[in-house]
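This report goes through a protein model from its overall make-up to single residues. The sequence and coordinates come next, followed by the computed features.

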Amino acid sequence: MSRRCYNCNQKLDESTFVCPNCGKNVYDKEGKLNKSKIVYKTDNKEKVIDDNNCVQTNKFALIGFVLSLISTFIYGGFLWLGLIFSIIGLIDCKRKNQKGKAFAIAGIVISVIYIVMGIIFACLMSYFVFNNR
């Protein structure tokens, strides 16, 4: 069974990890990004490490999530920073195929919920202050 590039539908060999036609990375049947395997040779032994398991967590996504969590305890001090870092992290995770997408989404959700709650609270307070005069 021959493989095809998901981007340009070019026929590929089983050992191909980058499409020679369009230059995109090739994915396997499980949807994981196929990367070349790293082979270390020491004392006539070969150690093969699959690079698919070495994907790092995106730092922007993690920082945005932590800032969003911290801001819930200090009454919104870092909400905007948490939202910005989480959005950057989410975009970066998709572009670089890194882990951390769940952290970025959680940071965005936490920040947006607290920002909306703060706006509602400010509107209610101004309504009660101006109607009691």
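## Helices, core and pocket

Asn97 is found in the loop between helix 2 and helix 3; helices (H or I, at least four residues) and strands (E, at least two) are DSSP runs, numbered from the N terminus. The model is predicted, so to speak of local features requires pLDDT of at least 70, side-chain atom pairs count only at pLDDT 80 or more, and totals for chains, interfaces and linings use all residues. Residues are numbered from 1 along each chain as its sequence is written, and side-chain values use heavy atoms, with hydrogens and water left out.

Phi of Asn97 is near 55°, which is positive although the residue is not glycine. Most residues other than glycine have a negative phi. With a relative accessible area of 30%, Asn97 is partly exposed; buried means under 20% relative accessible area, exposed over 50%, and partly exposed in between (1.4 Å probe, protein chains only).

**Overall make-up.** The protein has three helices and four strands, and from the N terminus on the order of elements is β-β-β-β-α-α-α. Of its 133 residues, 24% count as buried. Contact means heavy atoms within 4.5 Å. Among contacts with a separation of 6 or more, 34% are between residues 24 or more positions apart.

**The nonpolar core.** A nonpolar core is a set of buried Ala, Val, Leu, Ile, Met, Phe, Trp, Tyr and Cys residues joined through side-chain atoms within 4.5 Å. The largest one has eight residues: Ala61, Leu79, Leu83, Leu90, Cys93, Ala104, Ile108 and Ile115. Two or more of these residues come from each of helix 2 (79–96) and helix 3 (101–131), and helix 2 provides the largest share, four residues. In soluble globular proteins, nonpolar side chains tend to be buried together. Beyond its neighbours within four places in sequence, the core residue Ile115 is in contact with Leu79, Trp80 and Leu83.

**The second largest pocket.** On a 1 Å grid over the protein atoms alone, a cavity is a set of points where a 1.4 Å probe fits but cannot get out, and a pocket is an open set with protein on both sides within 12 Å along at least five of seven lines; lining residues have an atom within 4 Å of a point. The second largest pocket has a volume of about 200 Å³, where grid points are joined across faces, edges and corners and a volume is the space filled by probe spheres set on the points. Its lining consists of Ser71, Thr72, Tyr75, Gly76, Leu79, Trp80, Tyr114, Ile115, Met117 and Gly118. At least two lining residues come from each of helix 1 (59–73), helix 2 and helix 3, and helix 3 gives the most, with four. By class, six lining residues are nonpolar, four are polar and none is charged; Ala, Val, Leu, Ile, Met, Phe, Trp, Tyr, Cys and Pro count as nonpolar, Asp, Glu, Lys and Arg as charged, and the others, Gly among them, as polar.

**Cysteines.** The structure holds zero disulfides, a disulfide being a pair of cysteine sulfur atoms within 2.5 Å. Cys93 is buried at 4% relative accessibility, whereas Cys123 is partly exposed at 47%.

| Pair | Sequence separation | C-alpha distance |
|---|---|---|
| Lys11 and Asn21 | 10 residues | 9.4 Å |
| Phe78 and Ser111 | 33 residues | 8.9 Å |
| Lys101 and Ile91 | 10 residues | 8.8 Å |

Lys11 belongs to strand 2 (residues 11–12) and is exposed, at 54% relative accessibility. Phe78 sits in the loop between helix 1 and helix 2 and is partly exposed at 32%. Not counting residues up to four places away in sequence, Phe78 touches Leu67, Ile70 and Ser71.

Asp92 lies in helix 2 and is buried, with a relative accessible area of 7%. Apart from neighbours within four places in sequence, Asp92 is in contact with Asn58, Phe60, Asn97 and Gln98; Asn97 is the loop residue with the positive phi.

Lys101, in helix 3, is partly exposed at 43% relative accessibility. Residues up to four places away aside, Lys101 touches Leu90, Cys93 and Lys94; of these, Leu90 and Cys93 are members of the largest nonpolar core.
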